[in-house]
Amino acid sequence: MKVESVKPPKAAADPGSLHKKMMQLLSSLWVTHAIGTFARLGLADAMEAGADNAEAIARPRGLVTDRVYRLLRALSTCGIVTESAGGTFALTPLGRMLTSNAPNSMRTSAELLTEYNGEIWGHLDGALEGGIAFEALKGKPLFNWLHANPEEGARFQRMMVEVHSPETPAIVAAYDFSQFKHIIDVGGGHGMLLSAIIAAHPDVRGTLFDLQEGVDAALRGAGGPLPGVTFTAGDVFDSVPEGADAYLFRHLLHDYDDDDCIKVLKNVRRAMKPASRVLVLEKTVPTDDTPGPGRWLDLHVMLLTGGRERTVPEYAALFGKSGLRLERVLPTAHPAVEIIEVVAAS
Ligand SMILES: C[S@@+](CC[C@H](N)C(=O)[O-])C[C@H]1O[C@@H](n2cnc3c(N)ncnc32)[C@H](O)[C@@H]1O
């Protein structure tokens, strides 16, 4: 996410700087697409396997050498590859993240952010009048479309693993999960969070609750081992399994508008024991000019699912309408996630 500050650029009075800044903003789409193509066509993998010039990369794939050269040359300006004399290229550590097998691979994210996750941004004009861009593009809500296209369901879960991996240890370190006997991760998808919690606290019993696609990903081990975990496929709009000590919601509520969130939270309220906790794991949008990515993710989920990122008062209002009460908001060491602790309202 390029834009990190809500403050105007420092050199606001300098026309040259203003022009440069505007050109950077207007052309950032080029960079995203170039990276997406580099990942999608397996060019990073080719380089990792030893191809170090445009011809060696292009020829086996039926690509035009001159065009591949120009793509590599452009990518050398943003730290994905380096170019040496004689047209030799090398992957940087950043570029290696676009290979399939890197432990910190973001190849699927690079692909998907330049497929439907990119196309929806072309619908922003219309979206300001209402509606959900993804549905205009694909004819159905995201999670229904993922269900109808299982391969896409699996790629979506892979992207969730890639994007949210660095948050996971920060969440586990920031909260005492050992106080709970039974934790249900609602919309836990691939299961990475539950896997990390159980690894840190083996006495905790876990239930992973998600749509079938999420449960399938967890059962394949997409997010790591889940010893002793119960897998429950279901829809949070119907009901949530009863009786857990803690209900986790990582990046699920931001996929839904306020009315839908209230339906979900009322279902959780019905399922809770009096002392259960709900832990909403999201990044709140600051109400001041503190930097952070939430204002951009907010637009992305608006286009993708009709969801939104929320401020602390907005979350408190949602909980208040659902028979719940916001207890506290804890920071984590990761800038994209906080722990919003919620209890039953008395
Ligand atoms: C944005 S992903 C987050 C996944 C995971 N919690 C993480 O942090 O990486 C949202 C998850 O909620 C699940 N989900 C969405 N709508 C749901 C519903 N109506 N019932 C159950 N799960 C749902 C999706 O399948 C997906 O796994």
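Two terms before the strands: helices (H or I, at least four residues) and strands (E, at least two) are DSSP runs numbered from the N terminus, and two strands pair if DSSP finds at least two bridges between them. This is a predicted model, where local features need pLDDT of at least 70 and side-chain atom pairs count only at pLDDT 80 or more, while totals for chains, interfaces and linings use all residues. Residues are numbered from 1 along each chain as its sequence is written.

Start with strand S7, residues 277–282. Six bridges join S7 to strand S9, residues 338–344, and the two run antiparallel. In that pairing, Leu-281 is opposite Ile-339 of S9. S7 also pairs with strand S6, residues 246–250, in the parallel sense, over five bridges. There, Tyr-247 faces Val-278 in S7. Between S6 and S7 the chain passes through helix H16, residues 258–271, in a right-handed β-α-β crossover; right-handed means that, with the strands pointing away from the viewer, the path from the first strand over the helix to the second runs clockwise.

Is S7 buried or exposed? Six of its six residues are buried, that is, 20 or more other C-beta atoms, placed from the backbone, lie within 10 Å of their own. Arg-277, Leu-279 and Leu-281 are on one side, with Val-278, Val-280 and Glu-282 on the other.

Last, contacts, meaning C-beta atoms, placed from the backbone, within 7 Å. Leaving out residues up to four places away in sequence, Phe-249 touches Val-186, Gly-187, Val-278, Val-280 and Leu-281.

Definitions and conventions:
Contact = placed C-beta atoms within 7 Å. Buried ≥ 20, exposed ≤ 12 C-beta atoms within 10 Å, placed from the backbone.
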